Amino acid sequence: MSMDQQKQKLGRNATIIWLGGGAILFFYDGGISNLISLESLVFLFAGMFVAAIVVGGVSLWLLKKQARYLMKKFGNPTTEAGKNAQILGGYIFYGIHCLLCVLFLLWSYNSFYWNAAP
């Protein structure tokens, strides 16, 4: 997979998690009327670009760092140990990427909408 395809995949995953998770948060907080408001549409629409850039960029940096570490530790990725490390590293990376997306969404939503009650 080329680097451009990897960037697109990371950005697409961040956008999907942002839109799906944001819709769930708005629906949970105030029902369907809160989900279909101008405020939620602006938050979801503007946030999907920010999430793709921020989370996608951080994830791409982590991916490059992980690839450098695995190449240094296992050397040749065609050996059995190299293939196993690559597969396990891919699953771990995908979990970290999804966690970053969800944490960024919750942090952003909390910053704008969850106010502490007096």
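Isoleucine 96 counts as partly exposed because its relative accessibility is 38%, where partly exposed denotes the range between buried (under 20% relative accessible area) and exposed (over 50%), computed with a 1.4 Å probe and protein chains only. The model is predicted, so local features need pLDDT of at least 70 and side-chain atom pairs count only at pLDDT 80 or more, whereas totals for chains, interfaces and linings use all residues. Residues are numbered from 1 along each chain as its sequence is written, and side-chain values use heavy atoms, with hydrogens and water left out.

Isoleucine 96 belongs to helix H4, which covers residues 80-112; helices are DSSP runs of H or I with at least four residues, numbered from the N terminus. Its C-alpha atom is separated by 24 Å from that of asparagine 76, a residue 20 positions away along the chain.

Cysteine 101 also lies in helix H4. The C-alpha atoms of cysteine 101 and alanine 14 are separated by 5.7 Å, although 87 residues apart along the chain. Cysteine 101 is buried, at a relative accessible area of 4%, and cysteine 98 is likewise counted as buried, at 18% relative accessibility. A disulfide requires a pair of cysteine sulfur atoms within 2.5 Å, and a search of the whole structure finds 0 disulfides.

Attention now turns to helix H3 and the surface. Lysine 72 is located in helix H3 and is exposed, with 74% relative accessible area. Together with Lys7, Lys64, Lys65 and Arg68, Lys72 forms a positive surface patch, to which H3 gives the most, with 4 residues. Patch residues have over 30% relative accessible area and no salt bridge; like charges are joined within 9 Å, and nonpolar side chains (Val, Leu, Ile, Met, Phe, Trp, Tyr) within 5 Å. A salt bridge is a side-chain nitrogen of Lys or Arg within 4 Å of a carboxyl oxygen of Asp or Glu.

Valine 58 is placed in helix H3, residues 38-74. This valine 58 counts as partly exposed because its relative accessibility is 38%.

Definitions and conventions:
Helices (H or I, at least four residues) and strands (E, at least two) are DSSP runs, numbered from the N terminus. Accessible areas come from the Shrake-Rupley method with a 1.4 Å probe; for residues, only the protein chains shown count as cover. Lys and Arg count as positive and Asp and Glu as negative; His and the chain ends are not counted. The place of a charge is taken as NZ of Lys, CZ of Arg, CG of Asp or CD of Glu.
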